[in-house]
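Here are my notes for you on this model, point by point. Please keep the structure open while you read.

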Protein chains: 2
Amino acid sequence: MANATEQHIASVFDRDLEAAQALIMKMGSLVEVQIIDAVKALEQRDEDFAKRVVADDKKIDALEELVDQEIARLIALRAPTASDLRIVLSILKISGNLERCGDYAKNIARRIAVLASTPGMADAIPPINRMAREVEQMMKDALDAYIKRDAVLAEEVRRRDVGVDQMFNGLFRELLTFMIEDPKSITACMHLHFIAKNIERMGDHVTSVAEQVIYLVEGKYPEDERPKDNQAPYLPEMSEG
Amino acid sequence: MANATEQHIASVFDRDLEAAQALIMKMGSLVEVQIIDAVKALEQRDEDFAKRVVADDKKIDALEELVDQEIARLIALRAPTASDLRIVLSILKISGNLERCGDYAKNIARRIAVLASTPGMADAIPPINRMAREVEQMMKDALDAYIKRDAVLAEEVRRRDVGVDQMFNGLFRELLTFMIEDPKSITACMHLHFIAKNIERMGDHVTSVAEQVIYLVEGKYPEDERPKDNQAPYLPEMSEG
C-alpha cells in the first residue's frame with residue numbers, strides 16, 4: 001500500500017474516532033447535568049422538575065445508540081487493529097457506563113414523586129448532595145483523563161471512589177438511626193437509601209471509565225482489586241448495627 | 001476474490017464466532033449457578049458457602065476479559081461487517097450483562113455475613129427464592145433464545161420481567177410492614193431489600209440480553225418502552241405506604 005494511502009486511511013480513522021469521542025463527551029455532559037438535576041429536584045421536592053429529568057434520559061439513550069452505530073460503522077469501514085481497535089472498543093464500554101449512570105439519575109428522579117407524600121428527612125439531603133457532587137466531579141475528571149489519556153488522573157478518580165463508598169456507608173447508618181427512632185420515617189428512608197445507593201453505583205461506573213483509561217494508556221487493567229472491594233466497610237460495621 | 005477463499009473466510013469467521021458464543025454460554029451457566037447458590041447460602045445462613053460464591057465471581061470476570069480479547073481478535077483478523085459485525089458486538093454486550101449479573105450475585109453473597117447477626121426474617125426468604133429462580137430461568141431462556149435466534153422466546157423473556165418487578169414490589173411492601181411492626185428487624189430488612197433489588201436488577205440485565213436477540217433477528221430494538229417502564233407500580237403504591 002502506498003504511503004500516501006496509508007496516511008489518508010489514518011486521517012479518516014482519526015476523524016471518525018474524534019467524532020465518536022465527541023459523542024461520548026456529549027453523553028458525559030448530559031449525564032453530569034442529570035446527576036445534579038436529579039438531586040436538585042430531590043432537594044426542592046419538585047415533582048415537575050423530576051419528571052423532566054426522567055424524560056431527558058431518552059436523550060442519553062439515543063446518544064448511546066448513535067455511538068453504537070458510529071462504532072459499528074467505524075469498524076466496518078476502517079477495520080482498525082491493535083491499539084486503534086482498543087480505543088474503539090473502549091468507546092463502546094464508556095458509552096455503556098455513561099448510559100447506566102443516566103439510568104441511575106432517572107431512577108433517583110422517579111422516586112421523588114413517592115417522597116413527596118413522606119416526611120421531609122432534611123438531614124439526609126446534604127450528605128446525598130455531597131455524594132452526587134463528588135460523583136459528578138469524578139465523572140468530569142474521568143472523561144478528562146480519557147481525552148488526555150492521563151492515567152495518573154484516572155488512578156486518582158479510581159481512588160476517590162473509596163470516599164464515595166464511605167459517604168454512602170455513613171449515610172446508611174444515619175438512615176438506620178432515623179428509622180429506629182421514628183418508624184413513620186421508614187418509607188422515606190428506604191427511598192433515600194436507594195437514592196444514595198444509585199449514586200454510589202454511578203461511582204462504580206465512573207471507576208470503570210477510569211479503568212478504561214488506565215487500560216488504554218498502560219495496555220492492562222490495574223492489577224489490584226478495585227479499592228472498593230478491599231474495603232467493604234459496611235460488612236463489619238453493619239454487623240454491629 | 002475467489003469463491004473458495006470467500007468460503008474459507010466465512011468458515012473461519014463462523015468458527016471464531018462459535019468459540020466466542022461458547023464463552024458467553026459458559027459465562028451464563030456460571031452466573032446461573034451463582035444466582036442460585038447466593039440465595040441458597042442466604043436461606044441456609046451459611047457464611048462459608050457465601051464466601052465461596054464471592055470468590056467464584058472472579059471466574060466470571062476472567063471469562064468476560066477472555067470474551068473481550070476474543071472479540072478484539074476476531075474483529076482485527078476477520079474484519080466483519082453488516083450483520084456479522086452486529087453479532088460480534090452483541091456478544092460484547094451480552095457478556096457485559098452477564099458480568100453485571102455475576103456482580104449482583106456476589107453482592108448478595110457479601111451481605112450474608114452481616115445478616116448472620118440479625119433476626120432470621122424467615123418469611124422474606126421464600127419470595128426472594130422465587131424471584132431468584134424466575135430470573136435464573138429467564139436467563140436460561142434468554143441465552144437459549146440467543147443461540148436459536150428466537151425472537152419470540154426473547155420477547156417472552158422480556159415480558160416475564162414485569163412479573164419479577166411485581167414480586168419485588170410485593171416484597172418491598174412486606175419488608176416495610178415488618179420494619180414498622182418491629183424496629184429490631186430494620187437492619188435485616190434493609191439488607192434483604194437490597195438483596196431483592198439485586199435480583200430485580202439481574203432481571204433488567206436478562207431483559208437486555210433478550211433485547212439483543214430481538215435486535216439481531218429483527219434488525220431493530222423493540223419499539224415499545226420496556227414493559228418495566230410503563231408499569232412502575234411502586235410509584236403510586238408506595239405513596240400510600
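**Notes on salt bridges and the chain contact**

1. Asp56(A) and Lys59(A) form a salt bridge, with 3.5 Å between the closest N and O atoms. The term stands for a side-chain nitrogen of Lys or Arg within 4 Å of a carboxyl oxygen of Asp or Glu. The two residues are about one helical turn apart, because they sit three residues from each other in helix 2 (residues 47–78) of chain A. Helices here are DSSP runs of H or I with at least four residues, strands are E runs with at least two, and both are numbered from the N terminus.

2. A word on conventions: this is a predicted model, where local features need pLDDT of at least 70 and side-chain atom pairs count only at pLDDT 80 or more, while totals for chains, interfaces and linings use all residues. Residues are numbered from 1 along each chain as its sequence is written, chains are lettered from A and ligands numbered from 1 in the order in which they are written, and side-chain values use heavy atoms, leaving out hydrogens and water.

3. How exposed is this first pair? Asp56(A) is partly exposed at a relative accessible area of 28%, and Lys59(A) is partly exposed at 47%. Buried means under 20% relative accessible area, exposed over 50%, and partly exposed in between, with a 1.4 Å probe and protein chains only.

4. Chain B has a pair with these residue numbers too: Lys59(B) and Asp56(B) form a salt bridge whose closest N and O atoms are 3.5 Å apart. Both lie in helix 2 (residues 47–78) of chain B, three residues or about one turn apart. Lys59(B) is partly exposed at 46% relative accessibility, and Asp56(B) is partly exposed at 30%.

5. Are Arg100(B) and Asp103(B) buried or exposed? Both are buried, and their side chains meet in a salt bridge at 3.9 Å, N to O. They are three residues apart in helix 3 (residues 82–115) of chain B, so about one helical turn separates them.

6. Salt bridges also link up into a network in chain A, joining Arg15(A), Asp16(A), Glu70(A), Arg73(A) and Arg78(A). Over all chains, the count is 40 salt bridges.

7. Now the contact between the chains: 48 residues of chain A and 48 residues of chain B take part, contact meaning heavy atoms within 4.5 Å. The buried area between them is about 4300 Å², and carbon and sulfur atoms give 63% of it. Buried area is the accessible area (1.4 Å probe) that two parts lose on being put together, summed over both. In chain A, Arg110(A), Met190(A) and Phe194(A) lose the most area to chain B, together 16% of what that side buries.

8. How many salt bridges are there between chain A and chain B? The count is four. In one salt bridge, the side chains of Asp68(A) and Lys93(B) meet at 2.6 Å, N to O. The largest share of the side of chain A that touches chain B comes from helix 3 of chain A, with 11 residues.

9. As for the fold, chain A has eight helices and zero strands. Of its 241 residues, 56% count as buried. Among contacts in chain A between residues at least 6 apart in sequence, 84% join residues at least 24 apart.
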